[in-house]
Amino acid sequence: MQQFGNKMVGFGDDLVAPVIETRPVDTAAVFELQQSGNGEEALPPAHTIDGSLDRYGKPAVRGRTGGWKSGLVLLVSQGLVTIAFYVLEACIVLFTKYVMRQTNAEAESTFSLWMGTVYLCSLVGGFLSDYLGRYLISIYAQVFLTVGFGLLSASAHALLKPHGCGVIEKLCDPHSPVEVLIFYISIYLIALGNGACESVLATFAADQFDEEDPAEKQSKTSFGWYFVIASNIGRLISVALLVYSESTGNWLPIFWISTGCVTTALVFLLSQTRRYRRFKPSGNPFPRIAQVIVASWRNRNLHVPSRGEEVKCILRLLPVWLCTIWSSVVFLQMPSLFTEQGAAMDGTILHFQVPPAGMIAFDIISTSTLIVFYDKLIVPLHIKLTKTQSKTLPELQRIGTGLFIAVVTMLSAGLVEIQRVKYSDGSSTKEMSSLHILWQIPQYILMGASKAMVCVAEKEFFAAQTPDGLKSLEKILSFCCSALGCYICHTILWVVTKITASNGKAGWVSPNLNDGHADRLFFLLAALTMLNLGLFVMYAYRYISISTQMRDEIEEMEVAP
């Protein structure tokens, strides 16, 4: 998930409208800068107004720092990092299955734990940037990425034996403990680097534009969209690389290409060191959050308007936040169980082999299309059906809609799995089916639509409903939501495997999918998502927004003597 200002983009990672981050500004100083001594309007100030600093800690000079020159370099860096990371994210399940010789359940568990670590590292990176600054954390993160991909590429030479292994139905030889250890060290270095990079790079890019200057503020808004577009282009390029690697079994070239991408990204990032604008680190937000909670507890019988209301806002957010965690569980099935399902289907089109992980392109297209045409199609339809003049659907309605689509997505995947097993050859050694992989298109499109509705609305909701003094809480809730979803997915899979694979049974997610019942896992997830949707609707119906509450309090104050 990328962050732009106070707004997260991606997981998503997808096309999400940026929200400009605002900072307190000394208006008197601004007026003094913009007025000459005789009261006449002067030329624009030479220094930025938003408080940004140069590399020496002095006020940033407008023409010598930041702006589009620095922003475009960070744009390129973001695109290159996205290409590298999404290649690994999309193929790690099949790589651990065919190269590392893991079962379907083991490969999915490896992926869930790894992705959970990515999001936890995003949280850690965000906190460290509050102490060390976004520039240093961006540098450290991309160094970890470069080392991690370099180590993965080098270790893959030893892992891919004999020659030509690592493709469907052709496993590689068993590996030594040292080789396995190096593999895990490399992917977790990548998790650390990408997680930290995601939490700070987009915000650091936004820092290059002075939001108090009208021209630069407009540029900042435009740059936000370009930043998201760069991420999505990176994802599409990664899909093209996967088409090559998975159809030919050539893992080494895409790993070395990924290494080259992150290395080039680091070079680009360092190239503008002298021009970057920086902000003084703000410090850890946890003391502020803890202070609010402790103060509210100590004064629970007293009227403490400010901190008491902040705690009430946090407590009201928690039920909604807990329900949105489940969406991450559903979304995680796409690069894991969906990929394993696709790998056991016929992907032949003429003389071309469709790679299972390449089906994610339909998710990217679906997500981007829905968001781009949201205002032109969805909103007018909503106005026509509800007879309202609202310019957009309320955030909670969009989240609920996205969760319902997630239920349909899991049902669709389960029905496809039933047909996949029906058209399998019944072999105990092969899990291939004659059912074509293009039957997965509906579930990928539905998943993209669900992500578009949930992820965008979720970030907008937390941004709007988080108290002004606790805006860092929005970022904490978002990263924790994604991380917990990954770990919950791992736990569910572990419990299901323990229960269904006992007494010599193959289990729902068996080493050979034809021997198991992955369809039942999909239907279980659909049922749990429906239950989660019911709880969400109940909490959403009772939720009182900050704006509504503030309006009611003002009316009470006006009526009171």
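## Reading helices, salt bridges and a disulfide

Q: Let's start with one residue. Where does Thr-82 sit?

A: Thr-82 is found in helix H2, which covers residues 67–98. Keep in mind as we go that this is a predicted model.

Q: Is Thr-82 buried or exposed, and how do I tell?

A: Look at the relative accessible area: under 20% is called buried. Thr-82 comes out at 5%, so it counts as buried.

Q: Which residues does Thr-82 touch, leaving aside those up to four places away in sequence?

A: Its contacts of that kind are Ser-231, Gly-234 and Arg-235.

Q: How many salt bridges does the structure hold?

A: There are 3. The idea is to look for a side-chain nitrogen of Lys or Arg within 4 Å of a carboxyl oxygen of Asp or Glu. Take Arg-134 and Asp-207: their closest N and O atoms are 2.6 Å apart, so they form a salt bridge.

Q: Which parts of the chain does the pair of Arg-134 and Asp-207 tie together?

A: Arg-134 belongs to helix H4 (residues 134–159), while Asp-207 is in the loop between helix H5 (177–206) and helix H6 (214–248), so the pair links parts 73 residues apart in sequence.

Q: What about Lys-451 and Asp-363: how far apart are their closest N and O atoms?

A: Those atoms are 3.1 Å apart, and the two residues form a salt bridge. Lys-451 lies in helix H14 (residues 441–465) and Asp-363 in helix H11 (residues 360–372), so here the pair ties together parts 88 residues apart in sequence. Lys-451 counts as buried, with 3% relative accessibility, and Asp-363 counts as buried too, at 0%.

Q: And where do Arg-420 and Glu-417 lie?

A: Both are in helix H13 (residues 395–422), 3 residues apart, which is about one turn of the helix. Here's the general idea: an α-helix has 3.6 residues a turn, so residues three or four places apart point the same way. Arg-420 and Glu-417 form a salt bridge, with the closest N and O atoms 2.9 Å apart. Arg-420 is buried, and so is Glu-417.

Q: Now for cysteines. Which ones form a disulfide?

A: To spot one, check for a pair of cysteine sulfur atoms within 2.5 Å. The structure holds 1 disulfide, and its partners are Cys-165 and Cys-172, whose sulfur atoms are 2.0 Å apart.

Q: Why is the disulfide of Cys-165 and Cys-172 right-handed?

A: The handedness is read from the torsion about the S-S bond, which is about 85° here, so this disulfide is right-handed. Cys-165 is buried with a relative accessible area of 2%, and Cys-172 is buried as well, at 0%.

Q: Are Cys-197 and Cys-261 buried or exposed?

A: Cys-197 is buried, with a relative accessible area of 2%. Cys-261 also counts as buried, at 11% relative accessibility.

Q: Last one: how many residues does helix H16 have, and what is its reach?

A: You can compare a helix with the span expected at 1.5 Å a residue. Helix H16 (residues 518–542) has 25 residues and reaches 37 Å from its first C-alpha to its last, close to the expected 36 Å.

Q: Which residues of H16 are buried?

A: Among them are Ala-518, Leu-521, Phe-522, Leu-525, Thr-529, Asn-532, Phe-536 and Ala-540.

Technical notes:
Residues numbered from 1 in each chain as written. Predicted model: local features only at pLDDT ≥ 70, side-chain atom pairs only at ≥ 80, totals over all residues. Heavy atoms only, no water. Helix = DSSP H or I, 4+ residues; strand = E, 2+ residues; numbered from the N terminus. Expected span 1.5 Å × (residues − 1). Buried < 20%, exposed > 50% of the residue type's maximum accessible area, 1.4 Å probe, protein only. Contact = heavy atoms within 4.5 Å.
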